[in-house]
Structures are given as C-alpha cells and as structure tokens.
Amino acid sequence: MRGSPVVLGIESSCDETGAGLVRDGKLLGHAVASSMAEHARFGGVVPEIAARAHVHSMQSVVDKALAEAGLSFGDIGAVAVTSGPGLAGALQVGVAAAKGYAYALDVPLYGVHHLAGHVAADTLEHGPLPEPCMVLIVSGGHTSLLLVRDLVRDPILHLGDTMDDAAGECFDKVARVFGLSYPGGPAIDRAAQSGDPKAVAFPRPLTAPRDRENRFAFSFSGLKTAAARWAEKHRAAGLELPVADGAASLQEAVADVLTRKAVAACREHDVRTLVVVGGVAANSRVRSLAQARCASAGIELRVPPLGLCTDNGAMIAAVGDLLVRSGAQPAPLDLAVDPSAPLEYAALTPLPLPAAG
C-alpha cells in the first residue's frame, strides 16, 4: 500500500478491548469489545475479570477492525499499544498481543500513553491539533487540564490535575448512592434529563482556591460527599429520594467546574482552541455547557464523536500514526507496561523489567 504505513492500535488498559487501524490521520476501521456487563454486578471493574476478557476478545476485535477496513494482516506496517497507565494485568494482555503482531509481521512497535490516545482521538474527526491547544481530559480515573503543542514531539504541560476523585469517579460513586446502575456516568446523564439542575445547591470545588497554584486543579471528593449526605438526609427522614433532581444538580456542578476552569485556562494562556476528550466528554451537559461557554468566549471547541470518547483502539492507532510520521524511534520488543505512568510525552517506553533472580 502506498503512503504512510497502516498502523494497528491496541487498547486494553481497563474493561474495553479495542483495535483500530489508521493511516495518514484517517481512521480505516476499528472495533471494541466491552466486559462492562461482567463488572456491573460488582459495582466497578474487577482486574482479573478484565484481563481474562481481553484474552478472550483480542483476536476477534483485531479481525473485526481489519474486516471493517477491508485490509489483511499483510497490510499492517506498524503496531501501537497502550503500555500505561491502567490495570497491570489488562495492560499485559494488550502489550503481549502487540509484541506478537509486531514480531510476526516484522514491523515496528510503539508504546503509547493511554491519555495521549484520548487527545489524539479528536484528530480522527477534526484533523491535526492546533498548536498550541488546551486539552481537558475527563475520564473515569483522570481529570486534567493540559497545554499541548506538538503532541508527539513536545512535552505535555499540566496546568492542573485531579487532587482526589476524578469527575468519572464522582459520577460512579454517587450513582451507586442514588441506586443507579454502573457505569455511573451514563446513568447520571440519563436520570438528569428529567431533573432540575438548580434543585440542589451542590458545591463547586476549587473554583476559588486560596492558592493560585491550584486554580486549574480539580477536586471532586467533596462534591461526592455532599451528594451522599444529601441522599442520606432524605432517606433518614423517610422521604423518597428525588433522583432526577439530584442527578441533574450533580451533573451541573461537575460540568460547571470543568468548563469554567477550561475556558479560564484558555483565556490566561491566550489559546483559541479547547479540546475536550475522555469518557466524561460524552456527557450531554458537559458538551452543551462547554459549547455555550466557548462560543461566548470566542474559543473553538473540539470534541470527538461519542464513539471515540470512551476507550478504543482507534485513538492508540492515531498516536502511533503520528509517531511513525514524525520519525520517532520505535520501542524495543521487550517493552514493559507501566500501570502508573505519568503523562509527559505521547510515546511511552518504560525500561524493561529486571531479570528474575
């Protein structure tokens, strides 16, 4: 095939097994298999179940992605894989598969940071990222505000990160208190549609921090606690819990904090584009409030399609494609996983594990 090589991307950091194929910034095909239903009865992800599900699904999602793209294994010119952060066992499955494909096909291998993948997902819909751009990552375990220049060449500047519970964690934990299903984010969003977002005056954490250093940091633990106390008071009084109002008010508080800080960061750093990515970017109120506030501030808003907001292999292939086209050095075949990898660069090549003994 002519042009840049087709990059196979593999994602297995949590409970979704994803494979995607990208070439020259274009998504050719992708497939995702989720084990979420298997975790739902436990109210959260069980690492061992997730790892087994990845083993079971890996080959089929790669085959489905190739079929959607109308390609064969011989068309793959590079392999990119999430090597961190994430669940150790889950990451190992994806990295082992990626090594096998890279070795068998005799093509280069690239280790990719999971969160950089979320950022790159937007390029598959809207093209190259402006330099610089502001990126708000909101997912189950991460909430970060980043200043991004060249995604694969330059270091990523963290303006603020979550200090405790991330936005997605807050949704999951409060949904459980409200008696809603897992995962909590979509359940809160559905319940909120018939609720009053002004019904409960939930706090807006860290929107006026005393310490200027924390002006772009996030903290949702106090909001989670406030929602839990509100529910407890209703139940202690023998009252029916107005779940829709609680969900709408919680969602409004989270969306308010996220978008207020993101727009303020754009103004302070004179950045004209805000990119919102991650699973919580699929939340209807986060999207609508971000759109309204960006329009008012004269800031371009970019949000990936819903299907590319949650974990998927396409986003990892997108980073791999950028790395290949930038001439980046591939990872060694003894690439190790890094479950707690900090986001500093898009490429992630942890040192190999020391030999036993």
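Predicted model: local features only at pLDDT ≥ 70, side-chain atom pairs only at ≥ 80, totals over all residues.

**Helix packing and sheets**

Start with helix α2, residues 47-69, and α3: their axes come within 9 Å and cross at roughly 30°. Under 35 degrees counts as roughly parallel, so α2 is roughly parallel to α3. The crossing of this pair, α2 and α3, is right-handed. On the α2 side the contact is made by Ala 51, His 54, Val 55, Met 58, Gln 59 and Val 62. On the α3 side it is made by Gly 89, Ala 90, Val 93, Gly 94, Ala 97 and Tyr 101. Sorted by type, the residues of the contact of α2 with α3 are 8 nonpolar, 4 polar and no charged.

What does α3 lie across? Helix α3, residues 88-105, lies across β1 (6-11), β4 and β5, and it runs at about 160° to β4. Helix α4, residues 114-121, also lies across β1, β4 and β5, running at about 90° to β5.

Now the sheet that those strands belong to. It is an open sheet of 5 strands, in the order β3-β2-β1-β4-β5, with mixed pairing. β3 (26-34) and β5 (109-113) stand at the edges with a single partner strand each, so one side of each has no neighbour in the sheet. From one strand to the next the twist averages 20°. At the β5 end, strand β4, residues 76-84, runs parallel to β5 and is joined to it by 5 bridges. Within that pair, Gly 84 stands opposite His 113 of β5.

The crossing of α6 and α7 is left-handed. Phe 171, Asp 172, Ala 175 and Phe 178 of α6 meet Gly 184, Gly 185 and Ile 188 of α7. The residues of that contact, α6 with α7, divide into 4 nonpolar, 2 polar and 1 charged.

α6 also packs with helix α9, residues 243-268, at an angle of about 170° and with the axes 11 Å apart. Over 145 degrees counts as roughly antiparallel, and α6 and α9 are therefore roughly antiparallel to each other. From α6, the residues in contact are Ala 167, Cys 170, Phe 171, Val 174 and Phe 178. From α9, they are Val 243, Gly 246, Ala 247, Leu 250, Gln 251, Val 254 and Leu 258. The contact of α6 with α9 divides into 10 nonpolar, 2 polar and no charged residues. Phe 171 and Phe 178 are listed in the contact with α7 and in the contact with α9.

Last, strand β9. How many of the residues of β9 are buried? For residues 273-277 it is 5 of the 5, so β9 is largely enclosed by the rest of the structure. Both faces are covered, with Thr 273, Val 275 and Val 277 buried on one side and Leu 274 and Val 276 buried on the other.

What does β9 pair with? Strand β6, residues 133-138, pairs with β9 in the parallel sense over 4 bridges, and Val 275 is the bridge partner of Val 135. Strand β10, residues 300-302, runs parallel to β9 and is joined to it by 3 bridges. There, Val 275 stands opposite Arg 302 of β10.

Definitions and conventions:
Residues numbered from 1 in each chain as written. Heavy atoms only, no water. Pairing = 2+ DSSP bridges. Helix = DSSP H or I, 4+ residues; strand = E, 2+ residues; numbered from the N terminus. Axes fitted to C-alpha atoms, helices over the stretch in contact; angles between N-to-C directions. Contact = heavy atoms within 4.5 Å. Parallel < 35°, antiparallel > 145°, perpendicular 65-115°, else oblique. Left-handed = near helix turned anticlockwise from the far one by under 90°. Nonpolar A, V, L, I, M, F, W, Y, C, P; charged D, E, K, R; others polar. Buried < 20%, exposed > 50% of the residue type's maximum accessible area, 1.4 Å probe, protein only.
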